[in-house]
Amino acid sequence: MNKIKSLNDLRKIKQDVEQKMDLREKSDNPDRYVQIKVAMATCGIAAGAREVMNTLIEKIAQDKIDAVVTQTGCMGYCHAEPTVEVRKPGAEPVVFGHVDREKALAIIDKYIKTGELLEGIIPVNYQTA
Amino acid sequence: MAQYKMHLLVCGGTGCRSSESDLIIENLQHSLREKGLENDAQVIKTGCFGFCEQGPIVKVLPDNTFYTGVKPADAAEIVAEHVLKGRKVERLLYKDPEKQMAVSDSKHMGFYRKQIRIALRNCGFIDPENIDEYIARDGYAALAKVLEEMSPEQAIDVIKQSGLRGRGGGGFPTGLKWEIAGKNKADQKYVVCNADEGDPGAFMDRSILEGDPHSIIEAMSICGYCIGATKGLVYIRAEYPLAIKRLQIAIEQARNYGLLGENILGSKHSFDIELRYGAGAFVCGEETALIHSMEGKRGEPTVKPPFPAESGYLEKPTNVNNVETLANIPAIYLRGHEWFASIGTAKSKGTKVFALAGKINNVGLIEVPMGITLREVIFEIGGGIKDGKKFKAVQTGGPSGGCLTEKHLDTPIDFDNLLAVGSMMGSGGMIVMDEDDCMVAVAKFYLEFTVEESCGKCAPCRIGNKRLHELLDKITLGKGTEEDIEQLRNLSVVIKDTALCGLGQTSPNPVLSTLDNFADEYLAHVRDQHCPAGQCKALRQYLILADKCVGCTACTKVCPTGAIAGEKRQAHLIDQAKCIRCGACIEKCKFSAIIIPSTKI
């Protein structure tokens, strides 16, 4: 193991581990981050939600976006699976239907980064506690 | 690099481990592999979450799902439902004791909402056996900052300005302590961490050492730089094996990284730490007794002065700090003394960790800002009294503290306020009592402890406490007189004034505070030979309620002395002269017809 000789060495270790700890840091203050929920019930998984989720997680890590990806149960939009709900801090949640790899990337590049809406938004017809 | 989508944090503290949390970890990992999810979710063994009442705890991130009372057999279901399908396992969620509703995540739990975690910042968050995770949380950055930017005097000044006071019970200003030790000249000085946690029911020091051992190492090294010491010693009780193991691992890791040893972080500062094991004597938490014990002598206190800062371990200047005090140090340097001083009350800054215990719903470890009221701690964080009973008293400060009542509930908790109302902060034990607790018996319990733990060196403590205990025993047996109560008070005052060390000077506190706050209860014991709480067995009475008794004769059959008489289908009667108060009848009665009355029959 290399010895730590300075504050910079310390910072280097911190950077290496930070990504591993990122999920924990963000979960500790959920209100400050964009919350992305992927519906991962049987119907969602069958429609390809797992790939969507992996894409989202990789993209977020790559672009260093302040967001947390969570999986949830069935949201009830089985006709439009895979579905992804995005809640920006202080904003109402928006649900996107029929999300595939491409659309997942577009959600991040457009809606999350610039606020531009995409096609395929499902009107939210419920309230969560 | 594979990114985990979920982190499963499992408590690896002593409490949860005794309920098989190690096996839970194994089973979780096994189930993840079985489902091919080992690259999706990571299982991490952390320190204590503080919610020990309902351990073992498994916390799932990123959604902060908080599973309580998890059994090893539940692991497969958590993986199959939550990790794979994203459905929470409802039956394992924490239930709000008042509303009886499942709470989805820890951010919505009353237990955590009012807490501010400084000393416990990494407990239940990082893997304590992994130094990299500590570094990722800015670990050792405070040490680097101090070494690179500050002179020892400047560094001491930061702690002075922060207003940090000793968390072990004394409440002495930490910065001042460092300054005194720093000014004394010697060829060798020592930094000692007091991990001899002895208060019954207090376990914050253990939890910090188990959950975040590096914070103590870092703080001791900073202290060494400030006072000019190159050697650190941790005095820890041998009955904390897990804390010892984690500390040893942490010291080894810090040495490998060069964070302990010569020329730390390229500076001139050198520092290393050794462990010293205590045999678990309460008096060794007193700093002079602790030092004698470390030297291989009897664990007995000596008169101060000389203070350890002048002549301590091996007669060299020694600075002794408690674990929780040290855990605050790195955070103060990183976030600034202004930040720390902005939390708390005028004379007590920052937070305090309390171990909640007794008749309270959420037993566990909490960290709250100074100045919070007892009511907030007991009823909001603690979730109120168990089984809907009535609050009677709260005992703060361990065996050296006092019992506070309803009228003190809105007192803001800090060092000075607690002293003013006849109790003390102590190390932060907080034992809640309900209507079923007899205060004379409570005082007797604490005296039993201090009599047992007195080192015997000074007469007031050795003999005086023994006499106090005998008087209390007499009263609980119904043989006490009003003169005995007077005697209790006089003796208590004398012991307080004349005992050698903190143990004896504070041991009569439970007696004095219960005498002040529950005088009626003492009088009932001596005047009426009656215990209003029904706790003192010798004074207990059982009564059959004639309107509820159906005359089933079940009680007459279990009564070993034939004290219950009555015809079938007619109300029975207990002969108090024959009754030996065994309580067999009350257990047998199916109609709640037998009671322990709160007034004398």
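Reader: How many bridges join strand 3 of chain B to strand 4 of chain B?

Author: The model under discussion is predicted. In it, strand 3 (residues 58–61) of chain B and strand 4 of chain B run antiparallel. The number of bridges that join these two strands is three.

Reader: Which residue in strand 4 of chain B stands opposite Val60(B)?

Author: Strand 4 of chain B spans 65–67. The residue of this strand that stands opposite Val60(B) is Thr65(B).

Reader: Which strands of chain B stand at the edges of the open sheet?

Author: The sheet has four strands with mixed pairing, in the order 2-1-3-4. From one strand to the next, the twist averages 20°.

Reader: Is helix 19 of chain B oblique or parallel to helix 21 of chain B?

Author: Helix 19 (residues 482–498) of chain B packs against helix 21 (residues 509–517) of chain B with the axes 9 Å apart. The angle between them is about 135°. Because angles over 145 degrees would count as roughly antiparallel and 65 to 115 as roughly perpendicular, this pair falls in the remaining class, which is oblique.

Reader: How many charged residues does the contact of helix 19 of chain B with helix 21 of chain B have?

Author: Ile485(B), Leu488(B), Arg489(B), Ser492(B) and Lys496(B) in helix 19 meet residues of helix 21 that include Leu512(B) and Asp516(B). By class, the contact has five nonpolar and two polar residues, and the number of charged residues is three.

How values were computed:
Residues numbered from 1 in each chain as written. Chains lettered and ligands numbered in written order. Predicted model: local features only at pLDDT ≥ 70, side-chain atom pairs only at ≥ 80, totals over all residues. Heavy atoms only, no water. Axes fitted to C-alpha atoms, helices over the stretch in contact; angles between N-to-C directions. Parallel < 35°, antiparallel > 145°, perpendicular 65-115°, else oblique. Contact = heavy atoms within 4.5 Å. Nonpolar A, V, L, I, M, F, W, Y, C, P; charged D, E, K, R; others polar. Pairing = 2+ DSSP bridges.
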